[in-house]
Each structure stands twice: as structure tokens, then as C-alpha cells.
Amino acid sequence: MYRSMAAICDAPNTPLRIAEILVAPPQAGEVLVELAATGLCHTDLTALDGLNPSVVYPLIAGHEGAGRVVEIGPDVTGLEVGDHVIPLYGPECGICSMCRSARTNLCWSIKKTRDAGVMPNGTARFSDGSGPIHHFMGTSTFSRLTVVPEIALAKIRKDAPLQEVCLFGCGVTTGVGAALVNVQHGDRVVVFGLGGIGVNAIQGARIAGARQIIGVDISSNKTALSNSLGMTDFINATDTDDVVTAIRDLTDGGADVAIECTGVLRVMRQSIDAARPAWGKAVLLGVEAPGSELSFPPVDVRYGKIIEGSYFGGIKGRSGLGRLIDLYMTGEISLSGQITHKLTLEEINTGFDLMKAGESVRSVVHFE
Ligand code: NAD
Ligand code: ZN
């Protein structure tokens, strides 16, 4: 048994409890990872707030980490002790029908156990005196030591700084990837919500060659960072009664691509309405409250509008993340200014307070 400090979520709407836990060694196909750092993402908050249907309490949240391999279990063939890795909440087994298709980056080979908060063999590796503690998204990066299936680990180059590239575990990849897939050279783009996902959608749109990138948020806190990443216009949604008309006015009738990064249903609908008739595309990235439904006029779609979503930026994690990290190492993707707060594990609750107050883009917990 290993010992590790971790932030435990005992039940929804209670502060995370920082305590030492026991971590069992990796079993067949599993890997023990020591994290260097982990970002805090809004999706973690859905688990802490009790809004995530795919979790079992008590749990250890966190899915935006980077670290080193400490021990490999039996049958692990692609990783060695000392390798640098990013845990993937979307695995890539490489053999299922989804992995063999270029049409998706989803892999549901271990989804059932992942959503039940256990490893693929049905048991958890975390425990304390009172019983098992569940995994979250198969990653649980709010523990210095975590166990992850080999198929859910992307091996990355060793010269990439772990305390920064942890952001590729979610925010950067989700935002940049979604923009790179959907934005064409010369497009007019609007991005709703300038958090960790939205600012990266902005820089992805810039890299893709967008001619105009409008950011929309209810707070002006992140305009300087968003401008530095490529935003050309900003709309504060609290300053206008009609965000959609404001966007149509700025874009000569609507955006070619409208990327939604809030998880707010009303904003999802705004992104559909702000997309240009005939070919405009709404790309929904936000995670809605469980059971939510969204309505839209079918005629918009009949006339050509496209409504899409994207998960982890459409990137197949094990085979595709390295290329994105190369873009960071060559300076094309910027992380500068995105890590607004560096925290110790003991300060993690403060990080979620900052997120709720809209004051952070990314808070990152350093384990070393
Ligand atoms: P965040 O909390 O850091 O940022 C959300 C931003 O939206 C904030 O700046 C907030 O001020 C803004 N906002 C809130 N209401 C708004 C409104 N009415 N109009 C405009 N802006 C508004 O969150 P994040 O970590 O960037 O995540 C954004 C969303 O993406 C969340 O729903 C998250 O769960 C989801 N997500 C999706 C994926 C995926 O793979 N699709 C991955 C990670 C996160
Ligand atoms: Zn996330």
C-alpha cells in the first residue's frame, strides 16, 4: 500500500477534506502515477455540487493532471516507470469500433466501471480507515498518487513542463481542439464563456485563421487574457438585453462558428441563434445540468445551420495529444496568463471559490 495526500469529496455540497489515504498498487493493465500538478475544471465542480450523474461518493475528483509513472501493473506494455503522462478521462483502447473509426474520439470500452467510480475490474484503489473511496472520471487527479488504466494515459515528451501541460488534460485540449476542427480560415467566430475552455477556443480559432473572434461573458475579468489570445471584440452579456442581435450586428448577419463554453442552456440557444443562417455552426462544449433539454427552430437546421458538440476537443487522447503539446512547445499554443492561481492541495477549496466567483481562468494545485 502507498500513502498519499488527497482532497476527498465525502458528499455533495461539502468542502473537500484534505487527508492521507491509502492507494493500492496497480493491478493488471493499470499504472500508478505521481502527479506533479492538477488544474481545477468546472466539470469537477459538477461532482462537488452533486450535479454529475456519473459519480459515486465518497470520491476523489480531478481530471486535469500531469505526472510521472511510479509503478506499472501486470500486462502494461506501453509505459515504463519514469514516463511522463497525462491522465485521460476519455481512454483510447485502440481496438473498439469507436477507436477504429475516425468519426469519433470517444472510447466506451471502460465507461461502465469509470462511471461507477471503480477501475475496470470493479474495485477502487483508494481507501481510508472507513472503506473505499471512489475514482472520478477514471483520473482522480486531486490525489498526489493515483491509479489509472494504461489505456487512459497519454505518454508525453519529457521536456514539457508538467505544472503547465496539465492543462492539456482538459481545458486547453477541449477549447483548442474544438476550434481547430470547426473553424476555417477567414471565419467570423463567437465564443460564449471565457473560462478555461473558452479562452482556449479563442486561441484555437486564431490558430485556425479566423478573421474575427468575438468573446461573450458576464464578467469583464478575462478580457485582457482573451485579447492576448486572439479575441478581437468583447460583449459583456450583462450590458445588453439582446446578445444575439449584438453578435449579428458585429458579424454582418451571424457567426460562421459559435462556440458555447458555459454549460448554460440559455447560452447554448444563443449560440444556435447567433450562428449565420445557411451554414453557421453552433458547437456546444458546456456540460448541462442532468436531464436538461434544449429547443431550437427546426427550420434553421433545414436551411443549413449545424448544431454539433465536441468532447475533449475531438482529440483521441493517446494518439493525438502529443501533436497538440508539440504546438505548445513550439510556441503556437500559449499557456501564458491562463494559470491565474497556483495553490497547494490544502488550498483547493479556495480554488473552487475563485471559480464560482468567476475570478480564475485556471487554478492549478502543485504537488511538488
Ligand atoms: P469556467 O467556470 O471556468 O468558465 C465559464 C465562463 O462562462 C465564466 O467565465 C462565466 O463568467 C461565463 N458565463 C457564465 N454564464 C454566462 C452567460 N450567461 N453568458 C456568457 N458567459 C457566461 O468553466 P470552464 O472550465 O471553462 O468550463 C466551461 C464548460 O465546459 C463547463 O460547462 C464544463 O463542464 C464544460 N466542459 C466541457 C468539456 C468537453 O469536453 N466538452 C470539457 C471540459 C469542460
Ligand atoms: Zn474538464
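Which side chain puts an N or O atom 2.8 Å from an oxygen atom of ligand 1? That is Lys-222. The model is predicted, so local features need pLDDT of at least 70 and side-chain atom pairs pLDDT 80 or more, while totals for chains, interfaces and linings use all residues. Residues count from 1 along each chain as written, chains are lettered from A and ligands numbered from 1 in written order, and side-chain values use heavy atoms, leaving out hydrogens and water.

A polar backbone atom of Leu-285 sits 2.9 Å from a nitrogen atom of ligand 1, and a backbone N or O atom of Ser-310 is 2.8 Å from a nitrogen atom of the ligand. On its own, ligand 1 has 870 Å² of accessible area (Shrake-Rupley, 1.4 Å probe), and the protein covers 91% of that. Its shell (residues with a heavy atom within 4 Å) holds 27 residues, split by class into 13 nonpolar, 10 polar and 4 charged.

Cys-41 lies in the loop between strand E3 (30–39) and helix H1 (42–48), and Cys-170 in the loop between helices H4 (162–165) and H5 (171–182), so the pair ties together parts 129 residues apart in sequence. Cys-41 is buried at 2% relative accessible area, and Cys-170 is buried at 5%, where buried means under 20% (1.4 Å probe, protein chains only).

How values were computed
Helices (H or I, at least four residues) and strands (E, at least two) are DSSP runs, numbered from the N terminus. Buried means under 20% relative accessible area, exposed over 50%, partly exposed in between (1.4 Å probe, protein chains only). A polar contact is a pair of N or O atoms within 3.5 Å; within protein, one must be able to donate a hydrogen and the other to accept it, and residues adjacent in sequence count only if both atoms are side-chain atoms. Ala, Val, Leu, Ile, Met, Phe, Trp, Tyr, Cys and Pro count as nonpolar, Asp, Glu, Lys and Arg as charged, and the others, Gly among them, as polar.
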